[in-house]
Amino acid sequence: MNELSRAYARAERAARESYGKLLAYLAPRCGVDAAEEALSDAFTAALERWPHDGVPDRPEAWLLVAARRRLVDGVRRRRREVALHRRMRDATQDACARFEGDAPADDERLGMLFACAHPAIAPDVRAPLMLQVALGIDAARIASAFLVAPAAMSQRLVRAKRKIVAAGIPLRVPEPEVFAARFDAVLSAIYAAFSQGWGDPLGIDARTRGLTAEALWLGRLVLRALPDRPEAMGLLALMLYADSRRAARRDARGGYVPLDAQDVARWDARAIDEAEALVRAAARCRQPGRFQLEAAIQSAHAVRRRGDVPDWDAIVRLYDALAAITGSPVVAVNRAVALSQRDGAEAGLDALDAIVPRERLDSYQPYWAARADLLARGGRFAQARLGYERAAGLSIDPAVRAYLVARRDALPADVEPRAREAVGSRVKPGGA
């Protein structure tokens with residue numbers, strides 16, 4: 001990366017952080033649309049000027065001055081909108097006074113995140129909406145990350161913002177009686193954004209590149225605003241644990257490396273240390289929740305970096321607690337794998353067979369991959385072969401698919417002539 005590219009990256013990051021902060025401040029005072037319009041030109045000007053001139057000491061104030069100048073030009077061109085632009089001008093002047101002062105201005109982005117997680121906003125648009133209003137990411141990039149056509153994503157985001165206005169959704173942290181449910185929705189949406197970028201550990205896919213970093217940034221924003229919330233600690237810790245293994249998830253040739261085979265020397269020790277501190281702080285609050293439990297499970301795996309063996313009994317108990325909270329078949333599959341490490345492959349297979357509803361697992365790739373591994377460990381190679389074929393057929397990631405095919409091909413010759421009947425009618429020879 002040359003010097004100009006580095007300067008542009010710094011400017012883009014500073015502008016994006018400032019953009020979300022200013023939008024959250026201005027939108028309640030003059031409307032989301034007007035605030036976005038005013039800041040759009042200022043944001044563009046910043047990305048043109050800052051890489052050459054340097055990021056100003058007070059980025060927010062610079063953006064507000066630029067926005068106010070554009071507003072004056074806009075009033076001259078469109079007299080019919082004088083009233084709206086006067087409101088916007090007054091809001092920017094007020095904001096300038098606050099953001100130019102020595103004391104840090106209040107950060108109102110948390111209120112915007114809660115507005116994005118309001119029950120009136122469709123769940124599938126909450127994470128994209130947060131990325132746009134809090135970080136200023138454009139609709140086209142968000143559409144790529146979430147595998148949606150740009151026009152469709154743009155329409156969804158516009159409809160969601162109009163819904164905020166039409167429904168009178170307040171752009172602030174909600175009242176105590178509804179805080180808990182909305183808070184969970186905020187955390188879940190941030191994790192959904194993180195998960196979208198998690199499938200590309202090498203950052204090759206331009207659609208999702210940097211998305212995990214954006215989600216981590218949002219997680220830090222929530223924790224700074226609500227430092228006493230253990231679930232906010234748990235979410236940030238969980239994302240840090242996962243992100244710490246980014247470099248170890250692929251080998252030198254880009255091949256998939258499962259967790260138990262990863263080179264722990266390639267894990268990010270600083271990220272793990274931060275996550276460990278968060279897990280301990282959350283545990284002291286004695287208010288267990290989903291993200292805390294998931295982070296605790298990752299902590300139990302992280303002991304490998306010290307040469308220790310994971311405590312599988314503790315991991316199984318953590319999954320038991322997580323299953324009691326979520327009732328998720330996904331958690332049940334992971335619990336079965338952990339149980340197999342503690343009690344053997346047959347115990348893990350019995351746990352997989354006990355998962356209900358079974359139909360939800362037919363197209364769930366990790367279920368078939370786990371089942372194939374356990375069948376192979378139990379010496380049931382023909383059934384394992386079919387399981388690997390099914391898992392490979394359901395895999396979207398080419399590296400994971402190649403890994404599963406290699407596992408299938410490494411199995412010993414068939415020793416079970418009736419294995420195809422035993423594996424059940426749900427498995428079709430040759431995979432999906």
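Select residues 329–343. This is helix H15, with 15 residues and a reach of 20 Å from first C-alpha to last, close to the 21 Å expected at 1.5 Å a residue. The expected span is 1.5 Å times one less than the number of residues. Helices here are DSSP runs (H or I, at least four residues), strands likewise (E, at least two), numbered from the N terminus.

Before going on, note that this is a predicted model: local features need pLDDT of at least 70, side-chain atom pairs count only at pLDDT 80 or more, and totals for chains, interfaces and linings use all residues. Residues are numbered from 1 along each chain as its sequence is written, and side-chain values use heavy atoms, with hydrogens and water left out.

**Around H15.** Show the side chains of Pro-329, Val-331, Val-333, Ala-336, Ala-338, Leu-339 and Ser-340; these are buried. Buried means under 20% relative accessible area, exposed over 50%, partly exposed in between (1.4 Å probe, protein chains only).

Go to the start of H15. A side-chain oxygen of Ser-328 comes to within 3.1 Å of the backbone nitrogen of Val-330. At the other end, Gly-344 follows H15 with a positive phi, near 110 degrees.

**The H11/H12 pair.** Select 230–244 (H11) and 269–284 (H12). Their axes come within 8 Å and cross at roughly 155 degrees. H11 is therefore roughly antiparallel to H12, a label for angles over 145 degrees. Axes are lines fitted to C-alpha atoms, for helices over the stretch in contact, with angles from 0 to 180 degrees between N-to-C directions.

Display the interface. On H11, the residues that meet H12 include Met-233, Leu-236, Leu-240 and Tyr-241. Their partners on H12 include Ile-272, Ala-275, Leu-278 and Val-279. Contact means heavy atoms within 4.5 Å.

**Two loop residues.** Pick Arg-246, in the loop between H11 and H12. Is Arg-246 buried or exposed? Its relative accessibility is 19%, so Arg-246 counts as buried. A polar contact of 2.6 Å (N or O atoms within 3.5 Å; within protein, one able to donate a hydrogen and the other to accept it, and sequence neighbours counting only if both atoms are side-chain atoms) joins the side chains of Arg-246 and Thr-212.

Next, Asp-228, in the loop between H10 (211–225) and H11. Asp-228 is exposed, at 55% relative accessible area.

**Zoom out.** The chain has 20 helices and zero strands. Of its 432 residues, 48% count as buried.

How values were computed. Angles under 35 degrees count as roughly parallel, over 145 as roughly antiparallel, 65 to 115 as roughly perpendicular and the rest as oblique.
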